[in-house]
Amino acid sequence: MNIQEKIKDWIEETLKIEESFVLAHPKDIKNGDYSFFASPKLANEFGRALSENKIPEIEKVEVVGSFINFYLSKKFFTESIKEILEKGEECGQTDLLEGQKIIIEHTQPNPFKEFHIGHLMNNAIGESVARIIKANGADVKTASYHGDKGLHVAKAVWAMNKGIEYEKAYAYGNKAYEEDENTKQEIIALNKTIYDGKITEIWKICNDGFNKFKNYFLTICRRLDTTFDYQFWETASGEVGKKIVLENVGKIFENGEGGAVIFKGENFEPKTHTRVFINSEGLPTYEAKEVGLAKIKKELFAYNQSITVTGNEQDSFFDVTEIAIGEVLPELKGKLKHLSHGMLRLPTGKMSSRTGDVITTESLIDQVKEKVREKIAERNLSEEEKEEILEVVAIGAIKYSILRQAIGGDIIFDFDKSISFEGDSGPYLQYACVRANSILEKADMSRLNLDMSEAVFDTWETTELEKYLYRFTEVVERAGTHSTGSINSLQAGSGQVEYAPHHIVTYLTELASIFNSFYAKEKIIDPSDGASPYKIALTQAVAYTLKSGLRLLGIKVPDKM
RNA sequence: GCUCCCGUAGUUCAAUGGAUAGAACAGAGCUCUUCUAAGGCUUUGAUGUAGGUUCGAUUCCUGCCGGGAGCACCA
């Protein structure tokens, strides 16, 4: 049982109250470690009753106005530090989601198209959420879903057939498609050929492209520290989906204009709108594919929840599709969750591969690396060490800039302003962690001492570090919490707290800041100081917590920087 | 036109219906003969607007103003 629950139980028992109440951390740490709001009439009486029945974890109960504030005891703090030291880099894990089987789908770049910074944003969020729900005890599988057929493939294959290399094929093909009517018709015909799946010369080129894509995807995932348990393809989901939809025409789906098969969301609860599932040419649309995908996933992994991470431009699509899937596959009702995030925008507006106004992930990482290179140019480090720092710090800075805010909001991406190395930033956290590790290396670890009977603890005044360190678990829990509300509350940014990596970011930044102040004020390694071993223990606890938290964000920590 | 999201310092973001609305950047001023100065310390500055619910609203509800997204065969 964690401390918060323990205190709640104690309050409930002591005061004999039944209705739920909120036990929160006061905004200002000077007002204690926890507090709750009682009615003005009862506050004093409650305060007295609690004071008289204190548990060992509580040092002091104070009534201020209608707030009842609790101060944790020194014993509790040292115990909590001890616990962090025992758990090491695994600290912060909870059992909140134990027994849950969750599959999470994110990143999903399309073969042949560029892996741009929109994918990077989706990846950073998806990867972090996956790690957070895992840290909360869920059984997690990750998946990426790719469009393996369609015009984008035809455009690229057409270009490759002209001798254009894979990396440039899509952009080239797309340009030709838009500029020349004959080419356009050629590509449309090619698309049909590929769709029919006949083994031809073209098919070989196509296959070659897919292999290149798979390698490319693997490389970029490795750089972003992401792995996928499954990869899904639209051809397969389309086939499965189409079949399911057709079986339900007249029941859930109807025939629409021109022979299309549609779902009339207006006629189902909650009310949505009409969307096409099979188009008038008999081909499954994205909607039908989603039906098939939900089924395919379920057969591979019997999930309680399937999370799909996408940009919020797809909100209304998922609103309808989730209802339709719930109708046609009742066993999946309520198990699908669309986690939508804001869009990444350039100062010039929305990113568009059509106008060539895109920034690829690799070019962004490289640009950031150059900025980092300038900073470490004069450091006395080997080239190899520098390379590692460049990569880890650049990616950390980028991920931090994406994860620092609630995922519902757009990010206006301005290269100079968005990627920061100072203040609230990825490198700030990495630096604090590296610094702590560096101190630990110099310290004599065998002198770690947490025995409360030592005289030093009589004079030791609990620092803000101890007051924040034990909260990490609560933050991990909060970041992994989700609500199963109505359709509208499923969307991020609608006021619901759910799957929120930014809580981890905020917490770690605060912790790093407290540690940096501590470091500036205190000499940690000091043989003449009896408190030194405990300071070293605190430093170790900070290092573990930062490392663990950064891992939840998908951010690595370099050895030096 | 309809539906949905978003308006917090000059800028980029925080704030489970609670206490004096927090940071960072930018600006002003300090700080390395001490364990990593990508650091620390001091300082200026904000809830779009009008109502409502509440003991209490940045948070919930309604109107208005401003920004964004989506709206039948793309994904």
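**Sheets, domains and an RNA surface in a predicted model**

In strand β3, F67 is the bridge partner of F37. This is a predicted model, in which local features need pLDDT of at least 70, side-chain atom pairs count only at pLDDT 80 or more, and totals for chains, interfaces and linings use all residues. Residues are numbered from 1 along each chain as its sequence is written, while chains are lettered from A and ligands numbered from 1 in the order in which they are written.

β1 and β3 (residues 67-72) pair in the antiparallel sense over 4 bridges; two strands are said to pair if DSSP finds at least two bridges between them. Strands of a sheet pair through backbone hydrogen bonds, either parallel or antiparallel. Here the sheet is open, has 3 strands in the order β1-β3-β2, and is antiparallel. β1 (34-37) and β2 (58-64) sit at the edges with a single partner strand each, so one side of each has no neighbour in the sheet. On average, neighbouring strands of this sheet are turned by 15 degrees against each other, direction ignored. Helix α2 (residues 43-52) lies across β2 and β3 and runs at about 170 degrees to β2. For such angles, axes are lines fitted to C-alpha atoms (for helices, over the stretch in contact), and the values run from 0 to 180 degrees between N-to-C directions.

Another open sheet, again of 3 strands, has the order β7-β8-β9 with antiparallel pairing. Its edges are β7 (253-255) and β9 (274-278); each has a single partner strand, so one side of each is left without a neighbour in the sheet. The twist in this sheet averages 40 degrees from one strand to the next. Strand β8 (residues 261-264) pairs with β9 in the antiparallel sense over 4 bridges, and V261 has I278 in β9 as its bridge partner.

Stepping back, chain A comes to 20 helices and 14 strands. These are DSSP runs numbered from the N terminus, with helices being H or I of at least four residues and strands being E of at least two. The C-alpha atoms fill a box of roughly 85 × 60 × 40 Å, taken along the principal axes. Of the 561 residues, 41% count as buried, that is, with 20 or more other C-beta atoms within 10 Å of their own; exposed means 12 or fewer, partly exposed is in between, and C-beta atoms are placed from the backbone. K212, in helix α8 (residues 201-223), is partly exposed because 17 other C-beta atoms lie within 10 Å.

The domain assignment, which is automatic or from a database, gives domain 1 (3-72) and domain 2 (367-552) in chain A. Between them, 4 residues of domain 1 are in contact with 4 residues of domain 2, contact meaning C-beta atoms, placed from the backbone, within 7 Å.

Finally, there is the RNA. RNA strand B is surrounded by 75 residues, and the closest are A24, N279, Q405, G423 and S438; a residue is near a strand if its C-beta atom, placed from the backbone, lies within 6 Å of it. Helix α15 (residues 426-442) gives the most to this surface, with 8 residues.

Key: Contact = placed C-beta atoms within 7 Å.
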